[in-house]
Amino acid sequence: MSILWAILAGLVIGLLAKLVLPGRQAIPLWLTVLLGIVGGLIGNSLAAALGVRDTGGVDWVRHLLQVGAAALLIGLVGPAWSRRGR
């Protein structure tokens, strides 16, 4: 069940990251999900290092770090992926 949650969270984080980035990212959905999962893991690690991983309410800082990490990954991988087809 945790794999299903990771895929679902990766989808949401990846899509939010694509919304944050300007322009169109020409990467497939499976790569968006994969980068969203990796971004989520990086964001969780950063939040734990900063001491804000688990709070009493909604973990907004952790979620922002997850989306930010995924956006950075998509921003780096997107141009390389589009050049791959040339």
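**Figure 1. Helix 2 and the residue that follows it.** Just after helix 2, G51 adopts a positive phi of about 80°. The structure is a predicted model, in which local features need pLDDT of at least 70 and side-chain atom pairs count only at pLDDT 80 or more, while totals for chains, interfaces and linings use all residues. Residues are numbered from 1 along each chain as its sequence is written, and side-chain values use heavy atoms, with hydrogens and water left out. Helices (H or I, at least four residues) and strands (E, at least two) are DSSP runs, numbered from the N terminus. At 1.5 Å a residue, the 22 residues of helix 2 should span 32 Å, which agrees with the 31 Å between its end C-alpha atoms; the expected span is 1.5 Å times one less than the number of residues. Among the buried residues of helix 2 are L31, L35, G39, G43, N44 and A47, where buried means under 20% relative accessible area, exposed over 50%, and partly exposed in between (1.4 Å probe, protein chains only). The cover over the buried residues of helix 2 includes helix 1 and helix 3.

**Figure 2. The packing of helix 1 on helix 2.** Two packed helices are described by the angle between their axes and the distance between the axes. Helix 1 and helix 2 pack at an angle of about 100°, and their axes lie 7 Å apart. That makes helix 1 roughly perpendicular to helix 2. Axes are lines fitted to C-alpha atoms, for helices over the stretch in contact, and angles run from 0 to 180 degrees between N-to-C directions; angles under 35 degrees count as roughly parallel, over 145 as roughly antiparallel, 65 to 115 as roughly perpendicular and the rest as oblique. From helix 1, A6, I7, G10, L11, I13, G14, L15 and K18 meet L29, T32, V33, G36, I37 and G40 of helix 2, contact being heavy atoms within 4.5 Å. By class, this contact has eight nonpolar, five polar and one charged residues. Ala, Val, Leu, Ile, Met, Phe, Trp, Tyr, Cys and Pro count as nonpolar, Asp, Glu, Lys and Arg as charged, and the others, Gly among them, as polar.

Figure 3. Not counting residues up to four places away in sequence, I7 is in contact with V33 and I37, and L11 touches L29 and V33.

Figure 4. T32 is part of helix 2 and, at 1% relative accessibility, counts as buried. Residues up to four places away in sequence aside, T32 touches G10, G14, L15, K18 and I27. G40, also in helix 2, counts as buried at 7% relative accessibility. With the exclusion of residues up to four places away in sequence, G40 touches I13 and Q66. The C-alpha atoms of G40 and A70 are separated by 6.9 Å, although these residues are 30 residues apart along the chain.

**Figure 5. Helix 3 and its bend.** The 25 residues of helix 3 (residues 60-84) should span 36 Å at 1.5 Å a residue, in agreement with the 35 Å between its end C-alpha atoms. Helix 3 bends by about 25° at V77, and the proline P79 follows within four residues; the bend is the angle between axes fitted to the seven residues ending at a residue and the seven starting there. The buried residues of helix 3, including R62, Q66, A70 and G78, pack against helix 1 (2-20) and helix 2 (29-50).
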